[in-house]
Amino acid sequence: MNATMKVLLSFLITLTLTTAAMSANAPPSHLELTRTAIDTHIIPHIDALKSAADALPPAVEAVCKTGSEEARRTLDEKFAAAVTAYAGIDFLRFGPMLENGRREQISFWPDPRGFVARQLRMILLNKDAKLGEPGALAKQSAAVQGLPALEFLMRDSEVPLGPTEPAQFRCVMAQAIAHNIVRVVGEVSDGWEKPGGWKDKMLSPGPDNDTYRNENESAVEIVKAFLIGISLTADLQLKPQVDTKIRLSPPYNKSGLQKQVYAASIASLRQLYDAMHLEAYLKPDMAWMKGWSQGTWRTIESIDGAGGRASHAQRKDTPTSREVFDRMNGLRNIVANRLATAAGLTVGFNELDGD
Amino acid sequence: MSLTVIDRRSLLLGTLAFVGAAYQSKALASAADRDIAYVATARKGMKNYCVLLLRVDGSIVREVPLTARGHDIAYHRPSGRVAVFARRPGVFGVAFDIDKATPPHVFTPGKDRHYYGHGGFSQDGRLLYTSEADVESEIGLIGIYDVARGYKKIGEHQSYGIGPHEIMLLADGKTIAVGNGGLDTVPDAGRENLNVDTMEPSLAFVDAESGKLVAKHAMTGDLKSLSIRHVTQDKTGLIWFGGQWEGSPSETPQIVGSAGLDRELKLVDAPGGGKGLRGYIGAMAVSNDGRFIAASAPKAGHVLYVDSETGAVVGKSDLKDVCGLSSEGEHNFAASSGFGVIRYETAQARVVSEHTLQNIAFDNHLRRIA
């Protein structure tokens, strides 16, 4: 069972139990909404990323020791698992992920200026062996610390990773990067789950809480994360397909993971949407939004994120990227201005992002 | 620099920006136009963006539709000229006369440039300055536009930093203060900040005519992640700034401060610190008498008031999603929110009056006209 399946199973079991605990159609309290989102979505996704990250160092080591095709296939699989697991939490841009720039350290993307390649080439040129020492990479630019940097080394066909002399320093770097990813993801996981960590902080709002003054503010944080996730997926993954003038490489394109990233992003957002249970707050005269939202999710899930049809598509026709892009923006508006408002969770126009 | 090649998308956006904004002669300008007290960018309904011209009571005199989200407004009082700028990293600006005496102008920053949402007129009103980026090189720029030639771009100065945000022509009429946010953005990557771990924010002073750097305060050490974004000037000529903290939230420093051409940077000791303001100041304003400074913190839902004579915080008000700020009367302020509220309050945070517009979300900035 891969990491995504584990998250899905965990989500379904916990959501079923949580939902059963609530009356069938009763809207959750704001605290229940937050707790459900954390227990059924955030923590399982972070755990999945942690497990996927932990598998990277031995996989890199095997390639560097043997150079065998089997070891390369395994590394490819483990890398894809880590990337898709990360796609499931990329939009949780608050709390532990925001501390010390951890998000950029794990996944420095988008990278329209090519920082990853540029800075890694400099490092490969200088061959400073000290960068292989524990903790040394953490002092370097975020661009060379995470998954895109590892991908760069894995996909360089001129000097492939392996037990060869030209690849020796590259293997030192690949190992350092893999261990660094484990470290940063571990910090994120610890930040959420330790006693007194971010989970406890969100579930214990009040006047003494330095971030969440009441249950409303904790729940709004969850809604904001969802809205950011929809915007990021629409603007960074779909918009370049809609507007051909935009020059932005798809995520993890060198590894051919564009479709997997889209599927993981959407699956995670859908799970969070369901976990928030916002539709339960709608009054009868606004019930049409439920149908609209379900139709929108079917549309969003019917494409593969790379201009084609998803294998599990439920719509008979294949929507265009433009339609999906517009639907995503519509969903964002409905959630921000209707569903969240119905739930008493008002997300401010100006507070959503800085400028 | 290419000033003749205009990106097709920019032109389209700009052209559409004024659909529905009827031009009329000066003679036809109605009495209602003379009631205009404020100009604000806003969202109407769920997805329609516009410029609103408002009376003091918050009622709308005129509405100018935009095809994308606007940001700040520049106003030249003697001529009645208004310019509105696209939000970062937008590529259109629109300018018009408050009395509708001339047709609206649409302008763009040119190829490989984008706006950061702010600008200001020269004292004589002949030039418009805007904060811009050279997309390829990341270099921050001050774009210069000739008003008489239909806002034709005629030159550029360096901003002496990456990501210039608010720029302000100082009272001396010859120095531009620039809040160099330090953040690199590329339109193709949306609003993603690309260099958070290497950012170098600063407050720079640039000679408006020569473009030479006059002075610069770089954010270093514990402040290296404090993106300087909004500025205003008090009666003594001191610049007050509000920042956006891009570092670890647990290490958020104070985010409002002051500096001068020859005076070192000093931070305001706000109760609760920058963390209590959620690390983000969305707008700055000075009272008409030049004494009190207002700083809005939309994420925290506060306006912080500082007495520039003492540097002390004298008031802090609560208003959810507050951002737009402007002076009102001699000592008071107007504040607008994303929930359609316009509120008048004193620097001691006493509410004078409040109006709410239905179906309107005020954007980041509010500009006093009358």
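Predicted model: local features only at pLDDT ≥ 70, side-chain atom pairs only at ≥ 80, totals over all residues.
**View 1. The interface between chain B and chain A.**
Here 51 residues of chain B are in contact with 37 residues of chain A. The size of an interface is often given as the accessible area lost when the parts come together. For chain B and chain A, the buried area is about 3600 Å². Carbon and sulfur atoms give 43% of that area. On the side of chain B, Met46(B), Asp188(B) and Glu192(B) lose the most area to chain A. Together they make up 20% of what that side buries.

Side chains of opposite charge can pair when their charged atoms come close. Between chain B and chain A there are 12 salt bridges. In one salt bridge, the side chain of Arg247(A) meets that of Glu136(B). The distance there, N to O, is 3.9 Å. Polar contacts also cross the interface of chain B and chain A, with 24 residue pairs found where both residues have pLDDT 80 or more.

**View 2. The side of chain B that touches chain A.**
Which elements of chain B each supply at least two residues to this side? They are α1 (8-17), β16 (226-233) and β28 (360-368). The most comes from β28(B), with four residues. Sorted by class, the side of chain B that touches chain A has 22 charged, 15 nonpolar and 14 polar residues.

**View 3. The second largest pocket.**
This pocket has a volume of about 1100 Å³. Its lining counts 39 residues. Nearest the centre of the pocket lie Tyr75(B), Arg77(B), Met168(B), Leu169(B) and Arg367(B). Strands of chain B that each supply at least two lining residues include β4 (70-76), β8 (113-121), β12 (164-169) and β20 (283-286). β24 (322-328) is another of them, as are β16 and β28 of chain B. β4(B) gives the largest share of the lining, five residues. By class, the lining divides into 18 nonpolar, 13 polar and eight charged residues. Two of these strands return from the previous view: β16 and β28 of chain B also each supply at least two residues to the side that touches chain A.

**View 4. The largest cavity.**
Rolling a probe the size of a water molecule over the atoms shows where empty space is left. Over the whole structure, a search finds six cavities of 30 Å³ or more. The largest cavity holds about 210 Å³ of space. It is lined by 19 residues. Asp90(A), Trp109(A), Gln237(A), Val261(A) and Ser265(A) lie nearest its centre. Helices α4 (69-87), α10 (215-242) and α11 (258-276) of chain A each give two or more residues to this lining. The largest share, five residues, comes from α10(A). The lining has 11 nonpolar, five polar and three charged residues.

Most residues other than glycine have a negative phi, and most peptide bonds are trans. The bond that joins Trp109(A) and Pro110(A) is cis, with omega about 5°. Trp109(A) is also among the residues nearest the centre of the largest cavity. Pro110(A) sits in the loop between α5 (102-106) and α6 (115-126) of chain A. In chain B, the peptide bond from Arg88(B) to Pro89(B) is cis, and its omega is near -5°. Pro89(B) lies in the loop between β5 (81-86) and β6 (93-97) of chain B. Asn100(A) belongs to the loop between α4 and α5 of chain A.

Over all chains, the whole structure has 48 salt bridges. One of them links Glu61(A) and Lys65(A). Their closest N and O atoms are 3.2 Å apart. Why are these two residues separated by about one helical turn? Because they are four residues apart in helix α3 (residues 56-66) of chain A.

How values were computed. Residues numbered from 1 in each chain as written. Chains lettered and ligands numbered in written order. Heavy atoms only, no water. Contact = heavy atoms within 4.5 Å. Buried area = accessible area lost by both parts, 1.4 Å probe. Salt bridge = Lys/Arg side-chain N within 4 Å of Asp/Glu carboxyl O. Polar contact = N/O pair within 3.5 Å; in protein donor to acceptor, adjacent residues only side chain to side chain. Nonpolar A, V, L, I, M, F, W, Y, C, P; charged D, E, K, R; others polar. 1 Å grid on protein atoms, 1.4 Å probe; cavity = no way out; pocket = protein on both sides within 12 Å on 5 of 7 lines; lining within 4 Å. Points joined across faces, edges and corners; volume = space filled by probe spheres on them.
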